[in-house]
Amino acid sequence: MAIDPGEWGNAADFDDVNGQVAICGVGDSDMSKASGRTTQEIVGQAVERALADAGLEPTDVDGLMYVGMPEQFDVAAFHEHFGTSHDIWESRKGGGMTGAATAPYFAAEALREGKATFVLNTFGVAWATQRGEMTGGPGESHAQDLFKQNLEIPLGWFPQPVYFATIARRHMHDFGTTEEQLGAIAVAFRRHANLNPEAVMRDKPLSLEQYLASPKFVDPFRKEDCCLISDGGGAYIMTTPERAADRPKAPAIVAGVGLGNAYTGTHWAQQPAFTSTPAVFSAPAAFAMAGITPDDVDLYTCYDPFTIVTLMQIEDSGFCEKGAGGEFVAGDTLHFDSGKLPTNTHGGMLSHAYVLGISHVVEVVRQLRGEAVNQVPDCEIGVYGGYTGPQCSTIVLRRAS
Amino acid sequence: MSERSERTNEATSDERVHRIEGHITRAAFPLPDVTWPLTAEFWAGATRNELMIPVCDTCGRYRWYPKTECLSCDGEPYTWTPVSGRGTLFSWVVVTHPFLPQFADLVPFVPALVALEEDPSVRVPTRMVDCDPGSLTFDMPVTVTFREISFTGVDGSVTAPLFVPA
């Protein structure tokens, strides 16, 4: 069962950026089901809030990061939204997903070289609004992959809930993981969402009994194992720790960043380590850069498209032994107020909103400042783990001393 | 390996993935495009009741999926080769919700991954048929069967390699 990691992926060779970047402002949009808003309206709202949080004006932003997906908040959208026209450095190595963790790595270079002084990273989606027009919902991008069109989809192995239910079943076989253990993840994140007025699922309680009573629509998954489809977005502003010290809110310092790759990409069926994620590569790299161990982490947030992906990243990041994730997450381990590893304390993509990780980083910063809705006591070190399938990223943020 | 390590600083991964995109304009979707060069021989083999998997001409390992460059040795040429059609059930799910409208008449169905007898690291996406999903067990022996597949609202059918318990 043991697969040589070199057989299926590797870690990016990142320079040390520990202490070079600080996050000095965060904001997210209203989170909702279908809102009728455009992606740029959604992100614009998040950016306005991030600017207010940082005590900055739109003209102070001279760097902009996003990801190369449709309708993202590029320089033209920024200027249109704010009525500005100044020069802005831009990079597509940001946004949500893995980019929400690696944007500060690439911003570090821009800050070092004087290309920018305040760099904004944003991401947003209006997928709940757009859902009605899409072919197969978020599966569409997968359906455009011709190997999938010709080797997977005709056999019915499609879309994401099917991929990850298949992985979950094998994880159950290999390691004894149970439905109750997957349910503990869904229940913990829902509890966080119930306590968070900004969460889409704020009014929808979920007990483990309710989880187990829910029908399995892609056995072994229930709908509670799967993330939401939402309208929403987020933004954070990066600068040097020196400049951040002059901002109104306590900065969060970027201590470590890692990026891991899986050679088989989104062809999960062929990934040699079938029940692993590239967090195997990204997390040790980020922790080494930060000079910490998993035991030092006070708060974990991770890209949680499915319960099993959360569980695998917890294992692969070293918070427990590989295969012990089920036992680890059972009970209250992930809860903000009583758990050993408070995780996705805003509710995550399972219960806060499916905004692809950008709100996870916003949440880490709020926790480090002590202003989170579900505040983890004495939170000094927070981690976000990003995921796309082909890649995992890990960022370690620490409270400014 | 050198080429591989050069790519690792990229923030985007599609290059490493060998992803090839094509917008879904085919009326026959989700039937396969049996003329797409990279998988045409897989589907041609199915019509002859042969399960065909490519072998890398350079390193001799199975090239699955049939990408233009071998993930093991970076070699390019490969040869489609018939395999026994025997394997083991690596994992499966029971789908009761039709994720595509074209799957409406298919549910409930059992998408599965079958590990080939010749090389269990080769996993063939397929559907388990002629079985009670409750009777399936991990790593049980399975064998290929060639069946016509068709979809709700889509004209035509294609012969596909499905699997049954051995």
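This is a predicted model: local features need pLDDT of at least 70, side-chain atom pairs count only at pLDDT 80 or more; totals for chains, interfaces and linings use all residues.
Trainee: Why is strand E2 of chain A called largely enclosed?

Mentor: A residue is buried if 20 or more other C-beta atoms lie within 10 Å of its own. Seven of the seven residues of E2(A), residues 22-28, are buried, so the rest of the structure largely encloses this strand.

Trainee: What makes E2(A) and strand E8 of chain A a pair?

Mentor: Pairing needs at least two bridges between the strands. E2(A) and E8(A), residues 231-239, have six bridges in the antiparallel sense, so they pair. One of the residues involved is Ala22(A), whose bridge partner in E8(A) is Thr239(A).

Trainee: What makes E2(A) and strand E9 of chain A a pair?

Mentor: E2(A) and E9(A), residues 252-262, have two bridges, and at least two are required, so they pair, again in the antiparallel sense. In E9(A), the bridge partner of Ala22(A) is Ile253(A).

Trainee: How do you know that strand E6 of chain A pairs with E4(B)?

Mentor: By the cut-off of at least two bridges, the two bridges between E6(A), residues 216-219, and E4(B) qualify, so this counts as an antiparallel pair. Val94(B) in E4(B) is the bridge partner of Asp219(A).

Trainee: How many residues does each chain give to the contact?

Mentor: Chain B gives 45 residues and chain A gives 46 residues. On the side of chain B that touches chain A, E6(B) provides the largest share, four residues. By class, that side has 28 nonpolar, 11 polar and six charged residues.

Definitions and conventions
Residues are numbered from 1 along each chain as its sequence is written. Chains are lettered from A and ligands numbered from 1 in the order in which they are written. A residue is buried if 20 or more other C-beta atoms lie within 10 Å of its own, exposed if 12 or fewer, and partly exposed in between; C-beta atoms are placed from the backbone. Two residues are in contact if their C-beta atoms, placed from the backbone, lie within 7 Å. Ala, Val, Leu, Ile, Met, Phe, Trp, Tyr, Cys and Pro count as nonpolar, Asp, Glu, Lys and Arg as charged, and the others, Gly among them, as polar.
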